Amino acid sequence: MNIVEKIENSSIKTDTPVFKSGDTVKVYQKIKEGDKERVQVFEGVVIARKGSGLRSSFTVRKNSYGVGVEKTFLVNSPLIDKIELLYRGKVRRAKLYYLRKKKGKEAKIERLDTINNN
């Protein structure tokens, strides 16, 4: 193991849940506005996972008032407060970019199970 890998391993978050494409997640992101800081929640379906280790990222998509919104997050970013897994989805692809063209019920993903976070 070289020096770069040692430094990266010390920076990796350990409290992130294991999730994959098709899962529905809630991402709590810290937002700084002036001297104040607040937490903003973004809930949607994970349509892509990318990278590994410290550099891994994921893209979450949701429909907001009929408009598709996507946000890409770094898994180990200090701006992410926590990631909450809500549902597992049944999908057969690693990247769900085809959901961008779907509307309404077509864009729905079948749920495998509900995760109890209580």
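These legends describe close-up views of a predicted model.

**View 1. Asp23 and its surroundings.** Asp23 sits in the loop that joins α1 (3-11) to β1 (24-33). Asp23 is buried, with a relative accessible area of 0%. A polar atom of the Asp23 side chain lies 3.1 Å from the backbone nitrogen of Gly89. Beyond its neighbours within four places in sequence, Asp23 is in contact with Gly44, Val45, Val46, Leu85, Tyr87, Arg88 and Gly89.

**View 2. The salt bridge between Arg100 and Glu70.** The two side chains meet at 2.8 Å, N to O. Arg100 lies in the loop between β5 (80-89) and β6 (111-114), and Glu70 lies in strand β4 (residues 67-74), so the pair ties together parts that are 30 residues apart in sequence. Arg100 is partly exposed, at 42% relative accessible area. Glu70 is also partly exposed, at 29%. A network of salt bridges links Arg61, Glu70 and Arg100.

**View 3. The salt bridge between Arg38 and Glu33.** The closest N and O atoms of this pair are 3.1 Å apart. Arg38 is partly exposed, with a relative accessible area of 36%. Glu33 is partly exposed as well, with a value of 44%.

**View 4. The salt bridge between Lys82 and Glu84.** Here the closest N and O atoms are 3.8 Å apart. Lys82 is partly exposed, at 41% relative accessible area. Glu84 is buried, at 18%, because buried means under 20%. The structure holds 6 salt bridges, including this one.

Conventions: Residues numbered from 1 in each chain as written. Predicted model: local features only at pLDDT ≥ 70, side-chain atom pairs only at ≥ 80, totals over all residues. Heavy atoms only, no water. Helix = DSSP H or I, 4+ residues; strand = E, 2+ residues; numbered from the N terminus. Buried < 20%, exposed > 50% of the residue type's maximum accessible area, 1.4 Å probe, protein only. Polar contact = N/O pair within 3.5 Å; in protein donor to acceptor, adjacent residues only side chain to side chain. Contact = heavy atoms within 4.5 Å. Salt bridge = Lys/Arg side-chain N within 4 Å of Asp/Glu carboxyl O.
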